Amino acid sequence: MSILSKLPFHDEAAAFEYLEKTLWADGPVCPHCGTIGTATKLQGKATRMGVWKCNEKECRKQFTVKVGTVFEHGRIPLHKMLQAVYLLCCSKKGCSSHQLHRILQITYKSAWFLSHRIREAMRDGTLAPMGGAGRRSSLTRRSSASKRASTNRSAGMAVNSATSS
Ligand SMILES: [Zn+2]
């Protein structure tokens, strides 16, 4: 059994469960009002996969675990997007959009958007780095666009990236 045979990479419900367990360690977090652990999972037949409803009186809004993540508004099934994240993170030299297109059997356009979103999340630093702070050296081979962006960062960061590349 390879790691890609694991259920969250193949089953949409398992993929949602995996992401919920990973991102919501203390229970579902409502992205609208920020309340933790008071939402109920909607389980009706007509309900989309992974929809929760906030139980706060003034909120009562619906959300999924994808809100506020790179997976939001993605039309590709979540389990395929998880595969893409894994492929981009696990390989030393990354994974090209063409490779994602071939492996995941999605259109090249979708693969391109997906890999750019994931890379943007890695570069931006707004999401918590997977597995702790770690070194940035794997991210030094970046496009000229992101190199330009990095020159706009604080002096300390610029020195860091200059010494590591
Ligand atoms: Zn809420």
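A: L104 is found in helix α3. This is a predicted model: local features need pLDDT of at least 70, side-chain atom pairs count only at pLDDT 80 or more, and totals for chains, interfaces and linings use all residues. Residues are numbered from 1 along each chain as its sequence is written.

Q: How many helices and strands does the chain have?

A: Six helices and three strands. Along the sequence the pattern reads α-β-β-β-α-α-α-α-α.

Q: Is L104 buried or exposed?

A: Count C-beta atoms, placed from the backbone: 20 or more others within 10 Å is buried, 12 or fewer is exposed, and in between is partly exposed. L104 counts as buried because it has 20 C-beta neighbours inside 10 Å. Of the chain's 165 residues, 18% count as buried.

Q: Which residues is L104 in contact with, leaving aside neighbours within four places in sequence?

A: Contact means C-beta atoms, placed from the backbone, within 7 Å. L104 is in contact with K80, Q83, A84 and A111. A84 is 20 residues from L104 in sequence, and their C-alpha atoms are 7.7 Å apart.

Q: Which residues touch the most other members of the largest nonpolar core?

A: In soluble globular proteins, nonpolar side chains tend to be buried together. A nonpolar core is a set of buried Ala, Val, Leu, Ile, Met, Phe, Trp, Tyr and Cys residues joined through C-beta atoms within 7 Å. Here the largest core has 17 residues, and L78, M81, A84 and L114 touch the most other members. Helices α1 (12-23), α2 (78-90), α3 (97-104) and α4 (108-124) each give two or more residues to this core. A second, separate core of five residues includes V29, C30, A39 and W52.

How values were computed
Helix = DSSP H or I, 4+ residues; strand = E, 2+ residues; numbered from the N terminus. Contact = placed C-beta atoms within 7 Å.
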